[in-house]
Amino acid sequence: MRATVMHGAGDVRVETVPDARLIEPTDALVAVTRAAICGSDLWPYRTMEPSETGRRMGHEFIGVVEAVGADVRTVKAGDVVVAPFLVSDGTCVFCREGLPTSCLHGGRYGSDGVDGGQGEAVRVPQADGTLVALPVGADDPLMPSLLTLSDVMATGHHAALAARVGPGKTVAVVGDGAVGLCGVIAARRLGAERVIILGRHPDRIALAREFGATDVVSGRGDEAVERVRELTGGLGAHSVLECVGLEESTRTALGIARPGGAVGRVGLPQGESIPKSVPAFFDNLTIAGGPAPARAYMEELLPDVLEGRIEPGRVFDRATTLDGVPDGYRAMDEREAIKVLIRL
């Protein structure tokens with residue numbers, strides 16, 4: 001079969017790899033019909049050291065189940081399924097507590113013998129705890145929005161929950177990528193009265209406004225902090241969603257939160273320390289977040305997508321085939337695309 005393999009910074013190839021197949025009785029074999037390139041895929045795209053063997057890529061996909069192992073009970077051949085970006089068994093103590101990202105028997109796509117999602121097929125371990133069957137056909141028009149449940153919509157929702165978004169609150173979203181845009185959707189869905197988006201790209205800002213953003217701050221650093229303070233009467237935002245992961249974005253997020261407020265961090269951290277920790281301490285800020293437990297959120301978010309109350313699939317502004325994946329990485333890295341959908 002064919003799949004995406006990264007061999008180093010800027011070196012993404014579509015290669016022939018061993019066919020995905022069932023190995024464990026808890027596996028499902030899924031033929032991929034839709035996949036995506038994630039913003040987090042751009043970090044190795046910019047920094048990965050050269051590798052002869054390469055790294056299998058992709059962790060967001062929808063597909064049709066081709067076969068299941070003897071112990072699989074919740075999905076069957078022919079089911080259309082969406083896969084959260086991490087594998088989980090659904091039964092361990094952390095899964096039962098709603099944190100499948102810390103599953104004791106979990107795993108990642110593209111490592112430890114597990115296929116990457118940007119390929120023709122995937123062996124999905126722990127299928128019962130991981131996959132969610134969808135009540136639609138494989139070519140349903142809702143596919144782009146359903147695909148966001150695997151990662152970016154779930155991550156935006158996680159940021160909003162970690163930042164304690166609620167009715168009547170003022171929310172600031174740091175970052176206008178796919179996760180930040182989904183954070184705008186999540187904030188409005190949870191009842192936020194005002195949503196300030198921090199970003200500089202006109203196409204993304206326009207989409208954020210359509211999703212419900214009420215204010216736009218295009219500056220960075222101290223300029224952005226000052227502007228958000230102005231918009232909030234000098235107080236800052238009740239809830240801040242940090243959707244980038246860089247030191248500057250984290251510094252901004254902490255700088256625009258009001259005393260007693262909360263910051264939801266879902267941008268993959270690129271540093272080992274949190275800046276402005278002393279002011280955050282004296283402002284009694286809550287700092288929470290991490291990788292989104294997407295599997296735990298799917299049942300909650302799925303009806304809103306199916307019934308058209310939210311349309312997170314609009315973050316996909318470019319679609320391609322598997323052959324076009326290398327150029328899709330380039331387009332996202334160069335900010336030509338917000339998020340790339342892969343049709344197989």
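The lining of the second largest pocket comprises four nonpolar, three polar and six charged residues, where Ala, Val, Leu, Ile, Met, Phe, Trp, Tyr, Cys and Pro count as nonpolar, Asp, Glu, Lys and Arg as charged, and the others, Gly among them, as polar. The volume of this second largest pocket is about 160 Å³. Of the 13 residues that line the pocket, Pro18, Asp19, Arg56, Gly113 and Asp115 are the closest to its centre. On a 1 Å grid over the protein atoms alone, a pocket is an open set of points with protein on both sides within 12 Å along at least five of seven lines, a cavity is a set of points where a 1.4 Å probe fits but cannot get out, and lining residues have an atom within 4 Å of a point. Grid points are joined across faces, edges and corners, and a volume is the space filled by probe spheres set on the points.

The model is predicted, so local features need pLDDT of at least 70 and side-chain atom pairs count only at pLDDT 80 or more, whereas totals for chains, interfaces and linings use all residues. Residues are numbered from 1 along each chain as its sequence is written, and side-chain values use heavy atoms, with hydrogens and water left out.

A search of the whole structure for cavities of 30 Å³ or more finds one. The largest cavity has a volume of about 50 Å³, and its lining consists of Pro84, Phe85, Leu86, Val87, Ser88, Pro100, Thr101, Ala292, Pro293, Ala294 and Arg295. By class, eight of these lining residues are nonpolar, two polar and one charged. Strand 7 (86–87) and helix 11 each supply at least two residues of this lining; helices (H or I, at least four residues) and strands (E, at least two) are DSSP runs, numbered from the N terminus.

Helix 11 (residues 294–306) therefore leads on from the cavity. Its 13 residues reach 17 Å from the first C-alpha to the last, close to the 18 Å expected at 1.5 Å a residue, the expected span being 1.5 Å times one less than the number of residues. The helix bends by about 45° at glutamate 300, and proline 303 follows within four residues; the bend is the angle between axes fitted to the seven residues ending at a residue and the seven starting there. Ala294, Arg295, Tyr297, Met298, Leu301, Leu302, Asp304 and Val305 of helix 11 are buried, that is, under 20% relative accessible area, with exposed meaning over 50% and partly exposed in between (1.4 Å probe, protein chains only). Among the elements covering these buried residues are helix 5 (152–162) and helix 6 (178–189). Glycine 308, with a positive phi near 80°, follows helix 11.

Alanine 163 is located in the loop between helix 5 and strand 11 (170–174). Alanine 163 counts as buried because its relative accessibility is 0%. Apart from neighbours within four places in sequence, alanine 163 is in contact (heavy atoms within 4.5 Å) with His238, Ser239, Val240, Leu241, Ala262, Val263 and Gly264.

Arginine 258 belongs to strand 15 (residues 257–265). Arginine 258 is partly exposed because its relative accessibility is 24%. Not counting residues up to four places away in sequence, arginine 258 touches Leu235, Gly236, Ala237, His238 and Leu285.

Helix 9 (residues 247–256) has seven of its 10 residues buried, so the helix is largely enclosed by the rest of the structure.
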